[in-house]
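Reader: I have a structure open and would like to go through it with you. Could we start with a couple of the ring-bearing residues and then move on to other things?

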Amino acid sequence: MGFKLKSDFKPTGDQPEAIAKLVENLEKGAKHQVLLGVTGSGKTFTMANVIAKINKPTLVISHNKTLAAQLYQEYKQFFPDNMVAYFVSYYDYYQPEAYLPATDTYIDKDASINEEIDKFRLSATTALLTRQDVIIVASVSCIYNIGSPVEYKRSFLRLKVGLPISQDQLITRLLHLFYERNDYDFKRGGFRVRGEVIDLWPAYMDTGIRLELNNNQLTNIWLFDPVSGRILDQKAIDALDDSIALDTWQQLTNFHQVVIYPAKHYITDQDKRQSAIKAIKRDLKKQLKFLNQQGKTIEAYRLEKRTMYDLEMIEEIGYCKGIENYSIYFDGRSANDPPNTLIDFFPDDFLTIIDESHITVPQIRGMYEGDRSRKQTLIDYGFRLPSALDNRPLKFDEFLNKVDKIIYTSATPSDWEIDKAEKDAKRLSLAAGVVEQLIRPTGLVDPAIEVRPIKNQIPDLIKEIKETVKQKQRVLVTTLTKRMAEDLADYLAKEEIQTAYLHSDINTLDRVEILTDLRKGSYDVVVGVNLLREGLDLPEVSLVAILDADKEGFLRSRTSLIQTMGRAARHIKGRVIMYAERITGSMKAAIDEVNRRRQRQIEYNQRHDITPVGINKPIREAMSQKGEEENDKGDYRSLDLAQLGIRPGRYTSKDRLIKVLETKMHQAAKRLDFELAAKIRDEIRKLNSKSKIRSSKQNLNSKY
């Protein structure tokens, strides 16, 4: 099935020329190209047209989860009949394993996994193994080790109506695919048994699969709603936003069969498991000898105890905490071989788009060294075998070798990207390796820029915000630190301005919801640090305020300032206020570049008699499946949230509120404010108690 682009718009301005050049260069074998497009010029729409024309599986890489989520939604809208998937780190909270020799402090790995994002990840890899018309929107986590695609694909379970199989055999096969049996708490990645019926909830789907057996034979396969237990018909399936479910339905209706893929990415068969265990024991013996020769008897003892415990877990259940540190043995790789990543799930010929490349490329380049430094310390002090070094992200040259054809998109591409593209163009005798897209089809010009003194910047900002809100427009404010963002958001809330803050501590899917609420008008202002920059598409925002604009550094560099100012370029009345005591070199360079682009658009509008019009963009539904979350609203209306340090009206579900309360509790304890921490702890217990009561009721309803 080919890519089918659906849109109410046609390429205009300099989009047709950019699309034609990019496609022509790809067909001539170009491996590196740059699309230099100003904010609001429709770079994503241009790339969607390129994908539709070259008709190859595509990997889109973004530098942060928020932007990746936005891109995922945009591509999903452009390609509703094709598979668009989302692949980012599934941790809401992640503390990597580490050892600090100076204080003799060992920090165990601690993580909170977001099950919704885990589903998206498994859905992405499953799609790549089952179809060709796939677009994966990913963060830089796509260069991390996730296990062998060969083993993952080999481990599927094909079930067909009429298949002779006993219930015990089917349960055993599901356990081998890392599905967990729980007859009382039915959740994604698990199954339950009721009589001769097995209900399975695949880890990569929003729907369940019901398997009915009779006399050791599979008699029926159905799709059903995991909450209500209702069997889904064609109409109900069409209403779902679940491409994998649609594919599964197609298999069931046409062939009465279904393919079940594993619930985890790290998969090994029994034979390989035994050979891997032997190899681990061999390397353990070698490392113990080395440590003892160095006089590190404590480190040797520590390593032996930990490794033997892990091996016992692998032998018993096929899995252990931190199994990724032994991935080299299960993958059959040699030391220093590149790990298996999401990229290895793609076919040989695919396209890579690196969005906001000026910041994404340096992130990809820097991942390996930081990871290696931490793990080398663990190895030196007997916490891990040397093989842990091979559980790593790709080196930059390994990444470039794997991806083949790349298009870098940015309003401010770096010299490295431009140099790569120009050298490739020269090698192939192409007209240009850097394709410019500087005209906005809507005629919108870059925002007007004003520099104001820092003195009294907050009162002045509040005045500007209130004037902007009166016109039913939105505001973005960018600060230098997370603490400043939170404090300013609280201060604005006291001024009766509907405000939210946004930074990296906010849950991934909650970030998307906050920005959606800003567009809807639930908030008038969002205050942030580094997330209010590249790619955020918020056409309702007319004012961007940059506090402390004269503090030279990464957050106030030429590139950062241009990107931040670009957030106001999608509104017809877009403007930027920079608060500063002096105009720095970065400020001057950014202002000059924005003014140059502004003048170019004005001249284009005059030549073609174009009157600028604002962007009217539909507000998409949140990515997370809310379902029963909507029923949670009443659980905490009686809470005095302000007393607990939480702004009211921001949370649409109890589960999200609990996560925020837990963060606030830890922060209070860290400040030695144990009284507040205890209050928050008590409220969390109350909320969790209500959750268990409701969950029990749902299970009873589903069961009977």
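Reader: Is Tyr72 buried or exposed here?
Author: This is a predicted model, and in it Tyr72 has a relative accessibility of 8%, so it counts as buried, the cut-off for that being under 20%.

Reader: And which ring does Tyr72 pair with?
Author: Tyr72 forms an aromatic pair with Phe120, and this pair is edge-to-face, with 5.8 Å from centre to centre and 70° between the planes. Phe120 is also on the buried side, with a relative accessible area of 7%.

Reader: Why does that pair tie together separate parts?
Author: Tyr72 belongs to helix H3, which covers residues 65-78, while Phe120 belongs to helix H4, so the pair joins parts that lie 48 residues apart in sequence.

Reader: What about Tyr106 and Phe383, how are their rings arranged?
Author: Their planes are at 5° and their centres 4.5 Å apart, so this pair is stacked. Tyr106 sits in strand E6 (residues 105-107), whereas Phe383 is in the loop between helix H12 (357-380) and helix H13 (396-403), so the parts tied together here are 277 residues apart in sequence.

Reader: Are those two buried or exposed?
Author: Tyr106 counts as partly exposed, at 26% relative accessibility, but Phe383 is buried, with a relative accessible area of 7%.

Reader: How many aromatic pairs are there?
Author: The count comes to 18 aromatic pairs. There is also a cluster in which ring pairs link Tyr152, Phe156, Tyr204, Tyr261 and Phe345.

Reader: Changing topic, how many cavities does a search find?
Author: Searching the whole structure gives 6 cavities of 30 Å³ or more.

Reader: Last one, what does the whole chain look like in numbers?
Author: The chain has 21 helices and 24 strands, and 55% of its 704 residues count as buried. Of the contacts with a separation of 6 or more, 74% involve residues 24 or more positions apart. The chain exposes about 31,600 Å², and carbon and sulfur atoms supply 49% of that area.

How values were computed:
Residues numbered from 1 in each chain as written. Predicted model: local features only at pLDDT ≥ 70, side-chain atom pairs only at ≥ 80, totals over all residues. Heavy atoms only, no water. 1 Å grid on protein atoms, 1.4 Å probe; cavity = no way out; pocket = protein on both sides within 12 Å on 5 of 7 lines; lining within 4 Å. Points joined across faces, edges and corners; volume = space filled by probe spheres on them. Helix = DSSP H or I, 4+ residues; strand = E, 2+ residues; numbered from the N terminus. Buried < 20%, exposed > 50% of the residue type's maximum accessible area, 1.4 Å probe, protein only. Contact = heavy atoms within 4.5 Å. Areas by Shrake-Rupley, 256 points an atom, 1.4 Å probe, with all protein chains shown as cover. Phe/Tyr/Trp six-rings, centres within 6.5 Å; stacked < 30°, edge-to-face > 60°.
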